[in-house]
Number of protein chains: 2
Amino acid sequence: MEKLLRSKKIRITDFRISILNIFNKQSTALSIEEIETELGQFDRITLYRTLKLFKEKGILHEIAIAGSNVRLALCEQNCEDLHHHHHNHIHFHCVLCSEVYCLDVETYPEIGLAGFEVQQVEIQATGICKSCR
Amino acid sequence: MEKLLRSKKIRITDFRISILNIFNKQSTALSIEEIETELGQFDRITLYRTLKLFKEKGILHEIAIAGSNVRLALCEQNCEDLHHHHHNHIHFHCVLCSEVYCLDVETYPEIGLAGFEVQQVEIQATGICKSCR
DNA sequence: ATAATAATGCAACATTGTTGCATTATTATA
DNA sequence: TATAATAATGCAACAATGTTGCATTATTAT
């Protein structure tokens, strides 16, 4: 926790620790609303600034779901920063409970597009999750 | 154009026609800001309502890009409504010009997740587009 | 041409995210 | 461990984005 912040060369503060704690005890990705609920009392501006920093430092990654709110989830250990994520997982959005899961897949599909240089591929699946079936 | 609106059983109005015209002459997906620029003078509320309706009716689909604004693009002919899209294309986001392309792929990857019922798969690639290379 | 119905446009509001700045906390150094 | 340098926090104010209610106007079915 503190080790993570130290490795990213950013200051260790109570607020940042509590944000990390929230994500650590959670298996699914969180919306900002959910984070706010977990926090109890807090300053909205500090929250936004913290989330922005965590995204820039590769601590959290953002998942944009069409027709829903943005979700955030912890990055893998080896994400250097915002533009160098290294995850081989896909994002699953449940239409019933609307939870978003980060799920590992063995074989991550290769996408080849003539004329385009593909740097990263993000896969989102929609359907019914394990708990809702 | 008018045929499309008629087939969706919604009224044919000047505003809706002009929105469809903007999308027809465009090859890439559009942000709301870009639509507004194309429109010239317009009512913001009517625009939001029109876009919402078009999404519900399966005329437009929404592309949510992490760290960027939502984009909209025309659906394929056979999209019935919001929850029944039938496209075999992927969305490509250029890191240089930040355009979003809808690109067809021959082989659309199958995603299997134990315990999860996958209904739809959305693939987003990031990199450098044809024009920017 | 007319009645029924839906779309538009305005005002007002709600939500989401940002900037500047004074205060407070963290960190590096002596 | 005390102090200076520096970064984070929290407040106010603002900016951007999206929504609701309602009167007016346009479209459609007859």
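## Contact between the chains

Contact here means heavy atoms within 4.5 Å. In this predicted model, 100% of the interface residues of chain B are also interface residues in chain A, so the copies meet through the same surface. Chain B brings 32 residues to the contact, and chain A brings 32 residues as well.

The size of an interface is often given as the accessible area lost when the parts come together. Between chain B and chain A the buried area is about 2,700 Å², with 65% of it coming from carbon and sulfur atoms. Three residues, B:Leu113, B:Phe116 and B:Glu117, account for 21% of the area that chain B buries against chain A, which is more than any other three residues supply.

## Symmetry of the two copies

Two copies of a chain are related by a rotation about an axis and a shift along it.

## Polar contacts and composition

Side chains of opposite charge can pair when their charged atoms come close. Between chain B and chain A, the count of salt bridges is zero. Polar contact between chain B and chain A is found for 10 residue pairs, with both residues at pLDDT 80 or more.

On the side of chain B that touches chain A, at least two residues come from each of strand 4 (89–94), strand 5 (100–104) and strand 6 (117–128) of chain B. Strand 6 of chain B gives the most to this side, with 12 residues. Sorted by type, the residues of the side of chain B that touches chain A are 20 nonpolar, seven polar and five charged.

## Strand pairing across the interface

Strands of a sheet pair through backbone hydrogen bonds, either parallel or antiparallel. Strand 6 (residues 117–128) of chain A and strand 6 of chain B run antiparallel and are joined by 11 bridges. One of the residues concerned is A:Val121, whose bridge partner in strand 6 of chain B is B:Ala125.

## Strand pairing within the chains

Within chain B, strand 4 and strand 5 run antiparallel and are joined by five bridges. B:His89 stands opposite B:Asp104, a residue of strand 5 of chain B. The hairpin of strand 4 and strand 5 of chain B has five residues between the strands, and in this hairpin B:Ser98 takes a positive phi near 60 degrees.

Chain A has an open sheet of three strands in the order 1-3-2, with antiparallel pairing. Strand 1 (30–31) and strand 2 (60–63) of chain A are the edge strands, each pairing on one side only. Two bridges link strand 1 of chain A with strand 3 (residues 71–74) of chain A, and the two strands run antiparallel. In this pairing, A:Ser31 has A:Arg71 of strand 3 of chain A as its bridge partner.

Chain A contains four helices and six strands, in the sequence pattern α-α-β-α-α-β-β-β-β-β. The C-alpha trace of chain A spans about 45 × 35 × 25 Å along its principal axes.

Over all chains, the count comes to six salt bridges. One salt bridge is formed by A:Arg6 and A:Glu2, with their closest N and O atoms 3.8 Å apart. A:Arg6 and A:Glu2 lie in helix 1 (residues 2–7) of chain A and, because they are four residues apart there, are separated by about one helical turn.

Methods: Residues are numbered from 1 along each chain as its sequence is written. Chains are lettered from A and ligands numbered from 1 in the order in which they are written. This is a predicted model: local features need pLDDT of at least 70, side-chain atom pairs count only at pLDDT 80 or more; totals for chains, interfaces and linings use all residues. Side-chain values use heavy atoms; hydrogens and water are left out. Buried area is the accessible area (1.4 Å probe) that two parts lose on being put together, summed over both. A salt bridge is a side-chain nitrogen of Lys or Arg within 4 Å of a carboxyl oxygen of Asp or Glu. A polar contact is a pair of N or O atoms within 3.5 Å; within protein, one must be able to donate a hydrogen and the other to accept it, and residues adjacent in sequence count only if both atoms are side-chain atoms. Ala, Val, Leu, Ile, Met, Phe, Trp, Tyr, Cys and Pro count as nonpolar, Asp, Glu, Lys and Arg as charged, and the others, Gly among them, as polar. Two strands pair if DSSP finds at least two bridges between them.
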